[in-house]
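Keep the view open as you read.

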Amino acid sequence: MDIIIVLDFGGQYTHLITRRIRDLGVYSEILPFDVELGKLKKANPKAIILSGGPSSVYEQDSPSLIEGFFQFTSENKIPVLGICYGHHLIMHQIGGKVESKKAKEYGKSSLMIIEPNLLFDSLEKEQIVWMSHGDQITEIAKGFKTYAKTETCPIAAYGNQEKLLYGVQFHPEVSNTPNGNKILENFIYKIADCKKEWKLEEWIDSSIEEIRKKIGSDNKVILGLSGGVDSSVTAVLLHKAIGERLHSIFVNNGVLRKNEEIEVQETFKEKLKFKNFHYIDAEDLFLEKLKDVEDPEEKRRIIGHTFIDVFENKTIELEKTNPDIKFLAQGTIYPDRVETSATSKASVKIKSHHNLTLPDDMMLEIIEPLKDLYKDEVRRIGVKLGVPKEIISRHPFPGPGLAVRIIGPINKEKLTILRNADEILIEEIRNAGIYEQIWQAFCVFLPLRTVGIMGDYRTYEYICSIRIVESTDAMTANFSKLDWELLERIGTRIANEVKGINRVVYDISNKPPSTIEYE
Ligand code: XMP
């Protein structure tokens with residue numbers, strides 16, 4: 001299968017480039033800019049894309065192309081497309097000039113195509129493109145042609161058809177460049193001559209075959225199932241491949257949403273007919289360990305460690321009667337595994353509770369069937385495999401659950417209040433038909449008591465904060481500008497129906513500077 005390698009120079013859109021290429025039908029992966037040449041050769045790319053990045057090519061120690069890069073691409077006739085920083089880098093290393101300019105360009109710009117070429121094939125002469133740069137090319141190298149310009153950027157795209165080197169100053173991968181996909185399509189099909197081979201249906205068949213081959217005909221697999229999209233799709237895929245030889249463990253950690261433990265059991269045991277589904281009620285253990293704990297990172301640590309203990313104990317118990325449990329399956333997906341410079345900070349934190357380290361003497365081999373997929377691909381595969389819609393379209397829910405949505409120490413009383421409020425919020429959001437347009441909607445328990453009035457009585461109760469955000473990848477998020485009447489209905493219902501709450505506030509913070517969760 002043809003593969004396009006994206007070399008990561010630290011740009012915030014690196015994962016987006018790969019996703020776009022895959023959506024267009026060609027498999028794509030990210031490698032760091034300083035990857036060893038041998039590894040790059042081994043990947044056998046049909047084309048290479050150089051991502052954007054925050055540096056300036058003329059600065060000392062700025063990331064550059066590895067030695068032998070151009071020799072490798074020219075000898076093997078591998079086309080290269082530089083985007084933003086990548087666009088500067090090709091020129092900088094091949095005889096052109098890049099300089100910092102006073103007139104920086106951020107946002108939408110009008111691009112004029114001045115030279116007919118394959119990259120912009122079948123596009124109108126004038127295009128709207130998304131720019132984000134302070135540097136620009138001021139002198140083009142010999143043998144290159146300027147393909148396009150903007151009012152302040154005379155060399156906004158270039159190419160050298162013989163050398164198969166191309167560059168664009170703007171970002172074709174973002175949706176603010178309306179014809180960006182067409183440009184990428186031209187690059188991968190018309191210039192790089194790739195075949196359209198990346199199809200999810202075929203992925204399912206070959207993945208099932210691969211799983212069966214890896215696991216063999218007798219061995220068994222153990223999996224920690226959270227009920228989230230990734231672990232659920234992993235479970236269903238494995239179940240399809242090896243049936244009852246899959247043992248799934250679902251731990252009630254005491255900080256789940258209302259009725260979640262019942263719904264997950266119903267889905268897997270009844271709807272999907274999982275036989276070896278093990279439910280462990282560890283609520284009391286978790287709540288005891290979390291008692292009086294205030295610090296959010298400490299809560300995360302305790303929940304992560306306790307989960308591992310519970311999971312390990314169950315695995316040891318199961319191994320007594322199933323000595324052929326030889327594999328541990330995990331729902332790792334591509335962005336969890338491949339950290340670009342732009343995602344590493346966030347994902348290190350998010351993953352801290354995911355990393356299951358079982359003792360060495362257990363000798364379980366890890367199997368991660370979704371490790372090369374993006375979230376939207378996992379969802380599409382889930383739909384094809386028959387994973388229920390409630391699971392596929394469910395909002396993300398943090399591993400440490402409601403523990404990080406109650407500020408300060410948690411206890412059963414606060415958890416009940418929060419669960420009841422959250423249930424009303426989700427019900428109203430679903431009834432309004434907007435659940436699927438929203439990234440996340442949830443309630444947060446603020447341990448502050450304020451005065452209220454109910455009938456003839458003065459009340460002194462807690463505050464519930466409502467957090468509803470829109471986002472595409474959780475890296476940035478905007479608060480949702482909900483209809484006032486809907487907000488009023490939610491607020492009134494929570495204050496009236498949830499015992500313990502007499503005031504509801506709506507969070508109007510964006511990320512950054514705030515985060516989505518409160519802890
Ligand atoms: P923040 O709060 O950092 O959240 O803006 C970004 C996304 O990550 C989720 N999140 C977590 N997920 N374990 C998880 O599995 C965690 O500890 C965790 N903290 C935040 C959050 O719900 C949002 O979607």
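Strand 4 (residues 80-83) and strand 9 (residues 165-168) run parallel and pair over four bridges. Pairing here requires at least two DSSP bridges between two strands. Strands are DSSP runs of E with at least two residues, helices are runs of H or I with at least four, and both are numbered from the N terminus. Ile-83 stands opposite Val-168 of strand 9.

This is a predicted model, in which local features need pLDDT of at least 70, side-chain atom pairs count only at pLDDT 80 or more, and totals for chains, interfaces and linings use all residues. Residues are numbered from 1 along each chain as its sequence is written, and side-chain values use heavy atoms, leaving out hydrogens and water.

Now widen the view. An open sheet of nine strands has the order 2-1-3-4-9-8-7-5-6, and its pairing is mixed. Strand 2 and strand 6 (126-139) are its edges, each pairing on one side only. Neighbouring strands of this sheet are turned by 20° against each other on average, direction ignored. Axes are lines fitted to C-alpha atoms, for helices over the stretch in contact, and angles run from 0 to 180 degrees between N-to-C directions.

Helix 1 lies across strand 1, strand 2, strand 3 (47-50) and strand 4. Its direction is at about 160° to strand 2. Helix 4 (residues 85-94) also packs on the sheet, with strand 4 and strand 9 among the strands it touches. Touching means contact, with heavy atoms within 4.5 Å. Helix 4 makes about 115° with strand 4.

Five strands form an open sheet in the order 12-11-10-13-14, with parallel pairing. Strand 12 (277-281) and strand 14 (365-367) are the edge strands. Five bridges join strand 11 (residues 246-252) to strand 12. Within strand 12, His-278 is the bridge partner of Ile-249. Helix 7 (residues 229-242) packs on this sheet, touching strand 10 (220-224), strand 11 and strand 13 (325-329). Helix 8 (residues 260-271) touches strand 11 and strand 12, at about 170° to strand 12.

Turn to the rings. The whole structure holds 16 aromatic pairs. Rings of Phe, Tyr and Trp (its six-membered ring) pair if their centres lie within 6.5 Å; planes under 30 degrees apart are stacked, over 60 edge-to-face, and the rest tilted. Phe-9 and Phe-33 have ring centres 5.4 Å apart and planes at 25°, so they are stacked. Phe-9 lies in the loop between strand 1 (3-8) and helix 1 (14-23), and Phe-33 in the loop between strand 2 (27-32) and helix 2 (37-43), so the pair ties together parts 24 residues apart in sequence. Phe-9 is buried at 4% relative accessible area, while Phe-33 is partly exposed at 24%. Buried means under 20%, exposed over 50%, and partly exposed in between (1.4 Å probe, protein chains only).

Ala-421 sits in helix 15 (residues 412-431). Ala-421 is buried, at 1%. Beyond four places in sequence, Ala-421 touches Cys-443, Cys-464, Ile-494 and Val-498.

How far can the model be trusted? The average pLDDT, the predictor's confidence in each residue from 0 to 100, is 93. Over residues 345-355 pLDDT stays under 50. Where pLDDT is low, the predicted coordinates should not be read in detail.
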